[in-house]
Amino acid sequence: MAHQHRSQAHLSPSGETEDIVALLAPRLAYFAGVARTEHVTRAAQEMQVPQSTLSRAMVRLEQDLGVDLFARRGRTVSLTPAGRTFLTSVDRALAEIEKAADEVRADADPTTGKVAFGFLHTLGSETVPGLIRAFRADHPRVRFSLVQNYGEAMLERLRAGELDLCLTSPVPDAPDLVARRLDEQKLRLVVPADHRLATRKRVRLAEAADETFVTLEPGYGLRRITDDVCKEAGFRPRIAFEGEEAETLRGLVAAGLGVALLPPPAVPRPGVAELTVTAPRAVREIGVAWLDGHPDTPPVAAFKQFLMSKRGNLLPT
């Protein structure tokens, strides 16, 4: 049998996995083709590569592995026991690669592709469903992978390549991101229904300087805005409770545990009064962000264009 006196293998058994993959991956499809036909010439014709290229690739593959994969009789070959073992894993690996290729092609399809879209919890009950419904009127088969989270966590997932786009607040300013302001949302001072200010329609935030506040945890955009607006009003809020979701904070306010600066609810909540803040200006900007230089698939590009067309009209009135 050929190759009994084999040259030194290019990789030791302790070689780095990345090196093994780099050496072996380009030759796996060639190996599977030769193994299937058991004939180098026939395999070369089917794969439309020169026979000499295929023969050299198989010799080099065996050298890199340090194992005989084929028993050779002229141009006819048969798998050794090691070759049969290797073929089982190679077929499985190639099937996974084909599956992955099919998935990414499907995700990029202009008609049926996928958009990985992140957004704030406070936009999930009404704003985002309305946006997706309107977009799908013209793109009915585009699929969405939806992620709700607070702003910083979404930006991390954007940078990790797990999201294509995200709606967030405040609008980020970072060199690796592109962000566009789309709309702004007025924040209200939410107080218990039996609170001394509950009968008012409007209030200066300084009038709540002595109140206990319930807020989102540090790291949330709305928490940063609350701290900044209170500072502009001349006080630092006394924090009684910190949470992760705006409607939970509304429930705490309804229970008489404090007051809060919050965006309007999707539906009115009993037990609270929501007051317009006349001073200072209490708003949060909503924007869309994506990774700078990251190429868009057709469905992502279409949805991005759709969001940009909603500038100034993003939020329900």
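Analyst: This is a predicted model. In the second largest pocket, helix 4 (81-108), strand 3 and strand 13 each supply at least two residues of the lining.

User: Which element provides the largest share of the lining of the second largest pocket?

Analyst: Helix 4, strand 3 and strand 13 each give this lining at least two residues. The largest share is three residues, and the element that supplies it is helix 4.

User: Which residues lie nearest the centre of the second largest pocket?

Analyst: This pocket holds about 360 Å³ of space. Its lining is made up of 18 residues, divided into nine nonpolar, four polar and five charged. Those nearest the centre are K114, A116, G161, D164 and T297.

User: Where does G161 stand in the chain, and what is its phi?

Analyst: G161 is among the residues nearest the centre of the second largest pocket. In the chain, G161 follows helix 6. Its phi is positive, near 80°.

User: Which strands do the buried residues of helix 6 pack against?

Analyst: Helix 6 spans residues 151-159, and its buried residues are G151, A153, M154, L155 and L158. Each of these has under 20% relative accessible area. The buried residues of the helix pack against strand 3 (114-119), strand 4 (143-148), strand 5 (165-168), strand 6 (177-186) and strand 13 (283-291).

User: Which element supplies the largest share of the lining of the largest pocket?

Analyst: The largest pocket has a volume of about 540 Å³. Strand 6 and helix 8 (246-254) each contribute at least two residues to its lining. The largest share is four residues, and it comes from strand 6.

User: Which residues are closest to the centre of the largest pocket?

Analyst: The lining of the largest pocket comprises eight nonpolar, eight polar and nine charged residues. Of the 25 residues in this lining, the closest to the centre are Q185, P263, P264, P265 and P316.

User: Why do the buried residues of helix 2 line one face of the helix?

Analyst: In helix 2, which covers residues 40-47, the buried residues are V40, T41, A43 and A44. Seen down the helix axis, these buried residues of helix 2 fall within an arc of 165°, so they line one face. In general, an α-helix has 3.6 residues a turn, so residues three or four places apart point the same way.

User: Which residue just after helix 2 takes a positive phi?

Analyst: Helix 2 covers residues 40-47. Just after this helix comes a residue with a positive phi of about 55°, namely Q48.

Methods. Residues are numbered from 1 along each chain as its sequence is written. This is a predicted model: local features need pLDDT of at least 70, side-chain atom pairs count only at pLDDT 80 or more; totals for chains, interfaces and linings use all residues. Side-chain values use heavy atoms; hydrogens and water are left out. Buried means under 20% relative accessible area, exposed over 50%, partly exposed in between (1.4 Å probe, protein chains only). Contact means heavy atoms within 4.5 Å. The arc is that of the directions from the helix axis to the C-beta atoms. On a 1 Å grid over the protein atoms alone, a cavity is a set of points where a 1.4 Å probe fits but cannot get out, and a pocket is an open set with protein on both sides within 12 Å along at least five of seven lines; lining residues have an atom within 4 Å of a point. Grid points are joined across faces, edges and corners, and a volume is the space filled by probe spheres set on the points. Ala, Val, Leu, Ile, Met, Phe, Trp, Tyr, Cys and Pro count as nonpolar, Asp, Glu, Lys and Arg as charged, and the others, Gly among them, as polar.
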